[in-house]
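Please walk through this structure with the text below.

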Amino acid sequence: MSETGVIRPVIITGLSGAGKTLVVNCFEDLGYYCVDNLPPALLLKFIELSQQSEGKINRVALVIDARGRQFFRNLSQALLDLEAARVEYEVVFLEASDDVLVRRFKESRRPHPMASEGRLIESIQLERKLLEDLRGQADLVIDTTSLSPRVLSDTIAERFGKEDAQRFSINIVSFGYKAGIPMDSDIVMDVRFLPNPFYQEKMSKLTGKDADVIDFVMDSPPTGIFLKYFLDLLYYLIPEYVNEGKSNLSIGIGCTGGQHRSVVLADYIGFRLNEMGYVVSIRHRDLTKYISEAVNQDE
């Protein structure tokens with residue numbers, strides 16, 4: 001190729017039913033030239049043709065998944081070919097829990113691409129095993145189990161919709177352990193050791209967005225000590241991740257219900273990292289239900 005890194009393709013892959021169609025539509029809306037179900041053997045050739053388009057095609061997103069059947073097994077070699085040709089690329093991997101995938105397939109009434117191998121749940125598990133190594137190579141893993149289409153779209157737009165999309169980005173998610181740990185987190189921090197505003201009568205129904213809760217959490221001496229050490233750890237780790245070529249870091253901050261402590265700390269940590277110039281997005285996974293409950297009680 002005449003130039004290195006002229007085009008940095010985004011390869012979208014992952015489990016069938018995890019949301020790849022929605023994601024590729026998002027990339028189209030962001031101005032990417034998209035190709036669905038591209039045979040891996042054509043990957044390098046397609047990039048070469050794109051680089052010869054004289055700038056008419058400069059951002060591409062390619063869906064390569066198990067629908068390619070026997071061709072899909074050549075994806076690992078195709079990625080090695082890209083690396084040998086010094087083409088930088090990003091892999092976005094989508095996944096979801098088995099029960100959610102089963103429900104989505106039943107609702108859509110579409111066959112699983114590996115359905116000939118056995119029952120639906122067996123096909124899902126077989127595909128998960130087939131993609132195990134590829135998931136480990138992904139730059140960004142998104143678990144869509146509990147994501148609405150809107151949140152998934154916003155996640156893609158936040159990560160890839162900016163001119164500086166190639167910069168290192170950080171996704172911070174507050175969550176409640178009651179609903180489980182976000183599966184796509186690189187770093188998970190349990191803050192249940194901090195004093196819990198839930199046991200303060202006037203704050204039990206408030207959230208980490210309310211001033212009284214923010215003051216309670218931030219004024220607690222253990223919070224100050226925790227933030228000092230945790231932020232120092234992040235200040236050390238993030239440049240190391242960047243040096244290793246990682247383009248995205250997902251940090252999960254968890255408390256019991258995802259209502260108070262994790263929300264306050266996710267916002268504060270995001271603010272501090274944003275001050276350092278990092279691209280930061282913050283999502284409060286379990287906060288919506290508490291806000292809805294409060295609204296219903298007021299009506």
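Four strands, in the order β7-β8-β6-β9, form an open sheet with parallel pairing. Two strands count as paired if DSSP finds at least two bridges between them, and helices (H or I, at least four residues) and strands (E, at least two) are DSSP runs numbered from the N terminus. The edges are β7 (187-190) and β9 (279-284); each has a single partner strand, so one side of each lacks a neighbour in the sheet. From one strand to the next, the twist averages 15°.

This is a predicted model, in which local features need pLDDT of at least 70 and side-chain atom pairs count only at pLDDT 80 or more, while totals for chains, interfaces and linings use all residues. Residues are numbered from 1 along each chain as its sequence is written, and side-chain values use heavy atoms, with hydrogens and water left out.

Within the sheet, β6 (residues 169-176) pairs with β8 (residues 248-255) in the parallel sense over 8 bridges. Here I172 stands opposite I251 in β8. Helix α7 packs on the sheet and touches β6, β8 and β9, its direction making about 170° with that of β9. Contact means heavy atoms within 4.5 Å; axes are lines fitted to C-alpha atoms, for helices over the stretch in contact, and angles run from 0 to 180 degrees between N-to-C directions.

Helix α7 (residues 149-160) also meets helix α1 (residues 20-29): their axes come within 10 Å and cross at roughly 45°. That makes α1 oblique to α7 (under 35 degrees is roughly parallel, over 145 roughly antiparallel, 65 to 115 roughly perpendicular, and the rest oblique). On the α1 side the contact is made by L22, V23, C26 and F27, and on the α7 side by P149, L152, S153, I156 and F160. By class, this contact of α1 with α7 has 8 nonpolar, 1 polar and no charged residues.

Residues of α9 including F226, F230 and L234 meet residues of α10, among them L265, Y268 and R272.

Elsewhere, the side chains of R8 and E90 meet in a salt bridge (3.9 Å, N to O), defined as a side-chain nitrogen of Lys or Arg within 4 Å of a carboxyl oxygen of Asp or Glu. R8 lies in the segment before β1 (10-14) and E90 in strand β4 (residues 90-95), so the pair ties together parts 82 residues apart in sequence.

Technical notes
Ala, Val, Leu, Ile, Met, Phe, Trp, Tyr, Cys and Pro count as nonpolar, Asp, Glu, Lys and Arg as charged, and the others, Gly among them, as polar.
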